[in-house]
Amino acid sequence: MRKLGALLKELGVDVRSLAAGDIAVRSPIDGAEIARLKSDTKGSVAKKIARADEAFRAWRLAPAAKRGELVRLFGEELRAHKAALGRLVSIETGKIVQEGLGEVQEMIDICDFAVGLSRQLYGLTIASERPGHRMMETWHPLGVVGVISAFNFPVAVWSWNSALAIVCGDSVVWKPSDKTPLTALACAEIFAKAVKRFGEAPKGLLEVVFGGKEVGEALVDDKRVALVSATGSTRMGREVGPRVQERFGRVLLELGGNNGMIVCPSADLELAVRAITFSAVGTAGQRCTSLRRLIVHEKIYDQLVPRLKKIYGNVAIGNPLDAKTLVGPLIDEGSFKRMQDALAEAKKQGGKVTGGERVKVASCAGGFYVKPAIVELPSQTEVMKEETFAPILYVVKYKDFGKAIQLHNDVPQGLSSCIFTRDVREAEQFTSALGSDCGIANVNIGPSGAEIGGAFGGEKETGGGRESGSDAWKSYMRRATNTINYSDSLPLAQGIKFDVG
């Protein structure tokens, strides 16, 4: 493995600051401690929010196109540091090299999107019912945006929020997962390089806070934080959402996913097998969009499932820095235990389990590597309705298409979904109001690997928020409806007469 110190130095991180502190950073590759950081206190969080608030008050006055120029420079810096940052993502999360690089590419892509968006923050012109009047909508910078990110996408999801927030005129306070703080330090340094080249950005435009629940609560409860965008578990969302809304702040939640795929009799099984494998075992099943439930028509069940078992038995598991590896480790021992508990419960509920055991990897004894698991169930039992952040694929049969959609939607989560079919009626129904109840509904493509051009997010216990593309930018701005009277009279709306003489 390339020495971590040299890698961090290339990214601009002062390695001398990583020798002591209460946050122990461990690489899931071998479980070894690779750094220590000091947590923020409530006082230091408050100071960073104050700096961000002051930065916002200056930054909101910059023209949107000028704000876009800073994001363009940030995108250039990311391109220059893609290989190093991608490798750091792999070291800190256990993702394979290709996925680490892919995550940084997502950052570059959202920067490109945001730069274009900086000249397209459009409002509406609205016809007025009153003569000599014009109505319009205008969009204005919102304020300080708090971003709470998860370990599995430690930099991409932050960039989805931050690139949009910056072009919208906001400042950002970022709390990364305490499992992946090094990538946050690296991103802050890369952003600082862009700021230096830009030359006119206020100090405090990006602040980073480190720590556990107490630090998160300090960010969530501060009235100066206009929007809290939080990615994580449904349990976390249940705590964050009401706390922010209690002070009438805005909240954007990206929570659990329990994503399903329906495989119909007419499906192209070659495509389906490839999509299932990547979606279910990629990132060791630790994507919020990972495929977790497979609903297969009974006519093709015996063709598809044995093929999947064969592929699962041969998939390359190992050190994620090895170019041949397809499945790296789980993030930690806790994730491994939760996976084993879920498999044990599945067996109690009538499941037939293939795989799921721990795998020994040379020179990575402290890492928690596992064989991806396939669990065949007689029906969609309770264990199948819960999200376990691990490579477990539950499989059930269906006979009637309407029943398949019912099974698909009968879970609390509603993030991503897909169907494999050549029948246009099935495809259209799946993407209609009668079909998938998820925020993402795909046809002949898996549920994971979303592009930044579309709004990302889901329904039900997934939280309802939208990030990334489309009109997700509106979450980071406030809307004003303006009515302008250019006449010499004052007619009232709805034809009301109110004569004061």
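Q: What is the volume of the second largest pocket?

A: Bear in mind throughout that this is a predicted model. The second largest pocket has a volume of about 380 Å³, and of the 21 residues that line this pocket, Ala188, Glu189, Ala192, Leu206 and Val208 are the closest to its centre.

Q: Which elements give two or more residues to the lining of the second largest pocket?

A: These elements are α7, which spans residues 181–198, and β7, which spans 206–208; the largest share of the lining, six residues, comes from α7.

Q: How many nonpolar, polar and charged residues does the lining of the second largest pocket have?

A: Sorted by class, the lining of the second largest pocket comprises twelve nonpolar, three polar and six charged residues.

Q: Which backbone atoms lie at 2.8 Å and 2.9 Å from the side chain of asparagine 259?

A: A polar contact pairs N or O atoms within 3.5 Å. The side chain of asparagine 259 reaches the backbone oxygen of serine 290 at 2.8 Å, while a polar atom of that side chain lies 2.9 Å from the backbone nitrogen of serine 416.

Q: Which residues does asparagine 259 touch, not counting those up to four places away in sequence?

A: With such sequence neighbours left out, the residues touched by asparagine 259 are Cys288, Thr289, Ser290, Leu291, Arg292, Arg293, Leu415, Ser416 and Pro447.

Technical notes:
Residues numbered from 1 in each chain as written. Predicted model: local features only at pLDDT ≥ 70, side-chain atom pairs only at ≥ 80, totals over all residues. Heavy atoms only, no water. Polar contact = N/O pair within 3.5 Å; in protein donor to acceptor, adjacent residues only side chain to side chain. Contact = heavy atoms within 4.5 Å. 1 Å grid on protein atoms, 1.4 Å probe; cavity = no way out; pocket = protein on both sides within 12 Å on 5 of 7 lines; lining within 4 Å. Points joined across faces, edges and corners; volume = space filled by probe spheres on them. Helix = DSSP H or I, 4+ residues; strand = E, 2+ residues; numbered from the N terminus. Nonpolar A, V, L, I, M, F, W, Y, C, P; charged D, E, K, R; others polar.
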